[in-house]
Amino acid sequence: MGEEINENLINTCNGSPDTANVEENGETVEGGVKYYTLEEIRVHNMSNDTWLIIHDKVYDITSFLEEHPGGEEVLLEQAGADATESFEDVGHSTDAREMLEQYLIGELHMDDRKKESTKVINDTNSGESSSSWTMWLIPAIAAIVVGIMYRYYMFEHKSS
């Protein structure tokens, strides 16, 4: 009985490479997520076929172009490319972020994701820790300087 369980575990862990379906546009993995390469996304940069990458997710926003409050021109400028920075710079509302989910068609292929994004996250974290100690250090130094000035001033007035 123990041997049968071990064989079943070995058979389920050794999934065959045929489990991933490859389609003409994008690669589907077992989870049902389609992965698109940058080359595949770049060709979708026209007003009748518009894709964007935002936070490594791919969106087909063709039907949203006319509805976009900022105009379709700003979307077409980013069409077929990574629009994460532009999307975040504008400061979209949570409603806009939720609305974005209905246009999700897949994710950017792992090989095309920026490796700098992890460096940026690490840099911002180290920046936050350094700024957190300066948040209390600068006022502490200012308080010490004011205290020394106060004592000096009071000492001068008592002497005279």
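Mentor: By class, the lining of the largest pocket is made of 14 nonpolar, five polar and two charged residues, where Ala, Val, Leu, Ile, Met, Phe, Trp, Tyr, Cys and Pro count as nonpolar, Asp, Glu, Lys and Arg as charged, and the others, Gly among them, as polar. This is a predicted model, in which local features need pLDDT of at least 70 and side-chain atom pairs count only at pLDDT 80 or more, while totals for chains, interfaces and linings use all residues. Residues are numbered from 1 along each chain as its sequence is written, and side-chain values use heavy atoms, with hydrogens and water left out.

A pocket is here an open set of points, on a 1 Å grid over the protein atoms alone, where a 1.4 Å probe fits and protein lies on both sides within 12 Å along at least five of seven lines; lining residues have an atom within 4 Å of a point. The largest pocket holds about 470 Å³ of space, a volume being the space filled by probe spheres set on the points, which are joined across faces, edges and corners. Its lining has 21 residues, and Phe64, His68, Leu75, Phe87 and His92 are those that lie nearest the centre. At least two lining residues come from each of strand S5 (49-54), helix H3 (72-78), helix H4 (84-90) and helix H5 (94-100), with H3 giving the largest share, four residues. Helices (H or I, at least four residues) and strands (E, at least two) are DSSP runs, numbered from the N terminus.

His68 sits in the loop between S6 and H3 and, at 15% relative accessibility, counts as buried; buried means under 20% relative accessible area, exposed over 50%, and partly exposed in between, with a 1.4 Å probe and protein chains only. Neighbours within four places in sequence left aside, His68 is in contact with Val74, Leu75 and His92, contact meaning heavy atoms within 4.5 Å.

Phe64, Leu75 and Phe87 also belong to the largest nonpolar core, whose 11 residues include Leu52, Ile54 and Ala83 as well. Such a core is a set of buried Ala, Val, Leu, Ile, Met, Phe, Trp, Tyr and Cys residues joined through side-chain atoms within 4.5 Å. Apart from that core lies another, of seven residues, among them Leu38, Ile41, Val58 and Leu108. In soluble globular proteins, nonpolar side chains tend to be buried together.

Leu108, in strand S7 (residues 104-108), is buried, with a relative accessible area of 3%. Beyond its neighbours within four places in sequence, Leu108 is in contact with residues including Leu38, Ile41, Ile53, Asp56 and Val58. Leu108 and Asp56 are 52 residues apart in sequence, yet 5.1 Å apart in space, C-alpha to C-alpha.

Neither is a glycine, but phi is positive in both, at about 50° for His55 and about 65° for Asp56. His55 is partly exposed, with a relative accessible area of 44%, and Asp56, at 21% relative accessibility, counts as partly exposed too.
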